[in-house]
Amino acid sequence: MHSRFRTLVHNDHFLKLLKNQKFRFISPELYDTSATAGRVITSKAAVAWEAGKPLVIEKVEVAPPQANEVRVKIKYTSLCHTDVHFWEAKGQTGLFPRIFGHEAAGVVESVGDGVKNLKPGDHVLPVFTGECGDCVHCKSEESNMCDLLRINTDRGVMIGDGKQRFSKNGTPINHFLGTSTFSEYTVIHEGCLAKIDPSAPLDKVCILSCGVATGLGATLKVAKPKKGSSVAVFGLGAVGLAAAEGARISGASRIIGVDLNPKRLEEAKNFGVNEFVNPRDHIKPVQQIIAEMTNGGVDRSIECTGNINSIISAFECVHDGWGVAVLVGVPSPDAIFKTNPFNFLDERTLKGTSFGNYKPRTDLPSVVDMYMNKKLEVEKFITHRVPFSQINKAFDYMLRGEGLRCIISMEE
């Protein structure tokens with residue numbers, strides 16, 4: 001091995017593979033960042049200049065990371081409905097120009113002052129919420145609602161100095177969810193990056209950084225169904241199907257999918273859903289239908305749509321005495337939840353969750369390990385792939401309701 005390359009490698013995993021002579025060549029530029037560290041670099045990025053208008057591939061300047069920040073070379077990203085919602089900016093004040101994207105995987109290019117847990121060459125998943133490690137929430141075993149790095153959809157700047165790291169000919173470009181992964185290079189707070197197994201395929205595990213982990217954790221960490229139990233999942237998009245996947249992994253015997261689109265049934269079977277209810281097919285409220293199907297109600301329900309009527313149904317369809325309903329979908333800010341108080345007195349439980357109760361840095365690596373150990377199936381969530389130059393196709397697929405996740409390759 002070239003002596004210069006050898007001195008650049010400080011990775012125990014790599015050295016172990018080298019010793020066993022079971023390795024593939026790793027490009028030295030992943031570790032030699034001396035040419036770019038601390039400097040402004042040029043990056044291709046998909047910029048949203050206006051609400052609802054196609055993204056434009058631009059060459060932008062990306063400033064070096066400041067204190068507690070990391071600059072990441074994004075390898076693969078995917079499109080989440082949250083990106084589309086804020087890109088459309090319907091019924092809200094849009095923040096433009098902006099670089100969207102938050103579900104991705106990449107490699108650390110350089111780090112700012114004070115970064116302790118990451119170094120150039122580390123493989124990471126950016127996350128829309130963070131884990132500072134110091135606040136009361138991060139120190140609690142029960143919460144992942146970090147005081148410092150909690151999700152903020154309105155902020156378009158870095159949390160440290162209130163400035164953007166992106167610009168185009170001197171014009172600042174806003175960030176999104178502290179990640180902005182629709183760019184070859186992006187700057188992210190260290191607390192919003194989960195270091196993962198370097199052997200994990202980035203073009204697959206990238207989807208674990210948002211929707212899939214959210215649905216999976218809602219079941220495994222919050223609802224916690226027992227083996228042989230019954231689970232109803234409301235909304236069979238990517239998040240809902242991830243919740244169903246969690247029920248399958250838990251050993252639930254009955255997984256009931258609830259959706260208005262009958263076309264979702266066949267796809268849902270791949271995720272363990274073995275019964276399907278379309279509320280439009282019934283005169284009675286869907287919670288009553290499910291209660292009749294299950295002799296009093298399901299043991300657990302996971303609500304993944306955010307529709308207020310669906311939220312009420314998900315709570316009222318669980319069995320008295322032990323039933324637990326978990327809310328994942330985000331309702332309208334002016335929505336009002338109404339139910340008879342006796343539903344609580346009859347020992348039904350209602351819970352909410354953000355990012356499946358996973359702490360990004362502490363817990364997300366173990367979700368990746370679940371995939372690597374073949375306990376979690378990820379490939380079935382990936383229905384489309386496009387090169388970065390055709391990123392607007394991913395938006396078209398989602399707007400037409402086609403597929404689950406579209407992987408966008410940044411190097412194509």
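Start your tour at N68: select it and you will find a partly exposed residue, with a relative accessible area of 34%. Keep in mind as you go that this is a predicted model. N68 sits in the loop between β2 (56–62) and β3 (69–78). Check its backbone too: phi of N68 is near 65 degrees, a positive value in a residue other than glycine.

Now jump to E347, in the loop between α11 (342–345) and β15. Here phi is near 70 degrees, again a positive value in a residue other than glycine. Is E347 buried or exposed? With a relative accessible area of 52%, E347 is exposed. For context, most residues other than glycine have a negative phi, and most peptide bonds are trans.

**A cis bond**

That brings us to the peptide bond between F96 and P97, which is cis, with omega of about -5 degrees. To find P97, look in the loop between α3 (81–88) and β4 (103–111).

**The two domains**

Zoom out and colour by domain. The chain divides into domain 1, made of 41–207 and 378–409, and domain 2, which covers 215–354. Draw a line between their C-alpha centres and you get 30 Å. How many residues does the contact take from domain 1 and from domain 2? Seven residues come from domain 1 and 10 residues from domain 2.

**The six-stranded sheet**

Next, select β12, β11, β10, β13, β14 and β15, which in that order form an open sheet of six strands with parallel pairing. Look at the edges: β12 (275–277) and β15 each have a single partner strand, so one side of each is left without a neighbour in the sheet. Going from one strand to the next, the twist averages 20 degrees.

Walk through the sheet strand by strand:

- Strand β10 (residues 230–234) pairs in the parallel sense with β13 over four bridges, and F234 stands opposite E303 in β13.
- Strand β13 (residues 300–303) is also paired in the parallel sense with β14, over four bridges; here R300 stands opposite V324 in β14.
- β14 goes on to pair with strand β15 (residues 349–352), in the parallel sense and over four bridges; V324 stands opposite T349 in β15.

Stay on β14 (residues 324–327) and show its side chains. Both faces are covered: V324 and V326 are buried on one side, A325 and L327 on the other.

α6 lies across β13, β14 and β15, and runs at about 145 degrees to β13. Helix α7 (residues 238–250) also packs on the sheet, where it touches β10, β11 (254–258) and β13. The direction of α7 makes about 170 degrees with that of β10.

**The nonpolar cores**

Show the nonpolar side chains now. The largest nonpolar core has 99 residues, and those with the most contacts inside it are F182, V205, L208 and I302. Which helix gives the most to this core? Helix α6 (residues 211–223) does, with six residues. Domain 1 and domain 2 each supply at least three residues to this core. Another core, of 14 residues, lies apart from it; I256, V277, V298 and A314 are among its members.

Select I207, in the loop between α5 and α6. At 0% relative accessibility, I207 counts as buried. Leaving out residues up to four places away in sequence, I207 touches S78, E103, V212, V378, F381, I382, R405 and I407.

Then step to L202, in helix α5 (residues 202–205). L202 has a relative accessible area of 9%; the cut-off for buried is under 20%, so L202 is buried. Its contacts, not counting residues up to four places away in sequence, are K75, Y76, A105, G106, V107, H123 and I196.

The last stop is T129, in the loop between β5 (123–126) and α4 (136–139). T129 is buried as well, at 3% relative accessibility. Setting aside neighbours within four places in sequence, T129 is in contact with N144, L149, R150, I151, C192, F355 and P360.

Definitions and conventions. Residues numbered from 1 in each chain as written. Predicted model: local features only at pLDDT ≥ 70, side-chain atom pairs only at ≥ 80, totals over all residues. Heavy atoms only, no water. Buried < 20%, exposed > 50% of the residue type's maximum accessible area, 1.4 Å probe, protein only. Helix = DSSP H or I, 4+ residues; strand = E, 2+ residues; numbered from the N terminus. Pairing = 2+ DSSP bridges. Core = buried A, V, L, I, M, F, W, Y, C linked by side-chain atoms within 4.5 Å. Domains from an automatic or database assignment. Axes fitted to C-alpha atoms, helices over the stretch in contact; angles between N-to-C directions. Contact = heavy atoms within 4.5 Å.
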